[in-house]
Amino acid sequence: MNGFDWDWAFTWDVLPMILSAAKVTLLATLLGSIFAIIMGLVFALLRRSKSRLTRTSVYWIVEFIRSTPLLVQIFFLYYVMPEFGISMSPLATGVFALGLHYGAYLSEVFRSGIDGIEKGQWEASRALNLSIIDTYRDIVLPQAIRPMIPATGNYIIAMFKETPQLSAITLLEMLQMAKIIGSENFRYLEPFTLVGLLYLVFSIVAAYGIYQIEKRFPKEGFSLK
Amino acid sequence: MEFGEIVSVLLQGAIVTIKIVAMALPLATIMAFVFGLVRLYAPAPFKQVAIVYIEFFRGTSALIQLYWIYFVLPFFGITIDAMTAAVVALGLNIGSYGTEVVRGAIQAVPKGQYEASVALNFTASQRLWRVIMPQALVNMIPPFGNLAIELVKATSLVSLITIGDLTFKAKSLADTTLQVGEIFGVVLVFYFVMAQVLMLFIKRLEKYLSKGLGRGGFSS
């Protein structure tokens, strides 16, 4: 088993398997980002709550989620939630963990995005007698979204790069697939390198995509109606 | 299992985690400064090498890098133990993010400082080490602090290459005792405390380094 030589035949054999596992990786990232954006918005709005207790407790919850490892959070959700009668599949657990973890990060992005809206906009909405929901939906968020795109995109790419940790709860994503292939064939070089390269390619493509979205996003914002 | 026993087993794991952080953090700092400066000032071929290193380690995930170093390098005849693999992988990974911190902080030093040191006939190295760097260091501390916390969190990955760190101990305790709630709860609190202590230390360092730079209004 001399692995020094790159085996192209083996590479072409394993590539389809890894690509099929890439679907799971991408699905986890997609669902995770949707959940993270929702959680981030919830955290960000709660941090602007009138009640001091809500503000401080949400601050510490976000701080706690941000400063503990994702892997331990994944284990926590996977092994501890069933004790409370909530059993989730590895994919659901993964999406939940990724969403919660990155929701905590995104809440800071959203918070500063919302804070970046000029005071006059809030005052005008108040003067026009708009309800708080209308103010957010029609005035604040449409203007706040564009400046938040780059940071949000970076966190989604970061989340994508953390999906291999879901292999620890047996989710069959790219890395887990590579590990299985590697242990069956006693060759780790090709599968692991392929997975690494695929991550690199996906990250670069995603970074370019986010740049394009930002560029094409209307500067004046858009209606959420 | 008694709660006290659980905590003492987990403490042993926490010591391993702290050891890894203590070794990977200096490596990451060295990598960040070396490649950050090379990226800024070195001639073309060295600059390309730095860019490849930075893009590669930032573009792929830490866990894959760890697996690659631990599982693939032996095929090239380089066998390293799990601990070394962990320190090298985490140090290189966090270091690659650190290069951008170094670069950003140096570029954020006002241009007038650079021009003034040229006007005063400072040599290139005096300019960098006596004028630019002392000011850039202060800018680097907060983002470096965040990276240090990222490093603490990333050490949990080493449990997947069988190193007995905090996460590994938690997982094996959970598998044998089934007291998952207490165990993972305690582990989360441990990591949280480590991150907070680190943050406290970083705030102090920032205060110390910004002495005499006249930041935040009047300085004595």
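This is a predicted model: local features need pLDDT of at least 70, side-chain atom pairs count only at pLDDT 80 or more; totals for chains, interfaces and linings use all residues.

Tutor: Chain B contains eight helices and zero strands, where helices (H or I, at least four residues) and strands (E, at least two) are DSSP runs numbered from the N terminus. From the N terminus on, the order of elements in chain B is α-α-α-α-α-α-α-α, and along its principal axes the C-alpha trace of chain B spans about 70 × 50 × 20 Å.

Residues are numbered from 1 along each chain as its sequence is written, and chains are lettered from A and ligands numbered from 1 in the order in which they are written. The mean pLDDT (the predictor's confidence in each residue, from 0 to 100) is 92 for chain B, where 97% of the residues reach 70 or more; for chain A the mean is 92, with 97% of its residues at 70 or more. For the complex, the predictor gives an ipTM of 0.89 and a pTM of 0.90.

Now to the contact, in which two residues count as touching if their C-beta atoms, placed from the backbone, lie within 7 Å. Chain B contributes 28 residues to the contact and chain A contributes 29 residues. On the side of chain B that touches chain A, at least two residues come from each of helix 2 (44-59), helix 3 (62-72), helix 6 (124-154), helix 7 (166-177) and helix 8 (180-209) of chain B. Helix 8 of chain B gives the largest share of that side, eight residues. Sorted by class, the side of chain B that touches chain A holds 20 nonpolar, six polar and two charged residues; here Ala, Val, Leu, Ile, Met, Phe, Trp, Tyr, Cys and Pro count as nonpolar, Asp, Glu, Lys and Arg as charged, and the others, Gly among them, as polar.

Let us follow helix 8 of chain B across to its partner. Two packed helices are described by the angle between their axes and the distance between the axes. Helix 3 (residues 70-80) of chain A packs with helix 8 of chain B at an angle of about 160 degrees, their axes being 10 Å apart. That makes helix 3 of chain A roughly antiparallel to helix 8 of chain B. Axes are lines fitted to C-alpha atoms, for helices over the stretch in contact, and angles run from 0 to 180 degrees between N-to-C directions; angles under 35 degrees count as roughly parallel, over 145 as roughly antiparallel, 65 to 115 as roughly perpendicular and the rest as oblique.

From helix 3 of chain A, the residues making this contact are A:Val72, A:Phe75, A:Phe76, A:Tyr79 and A:Val80, and from helix 8 of chain B they are B:Val180, B:Gly181, B:Phe184, B:Val187, B:Leu188 and B:Tyr191. By class, the residues of this helix pair's contact are 10 nonpolar, one polar and no charged.
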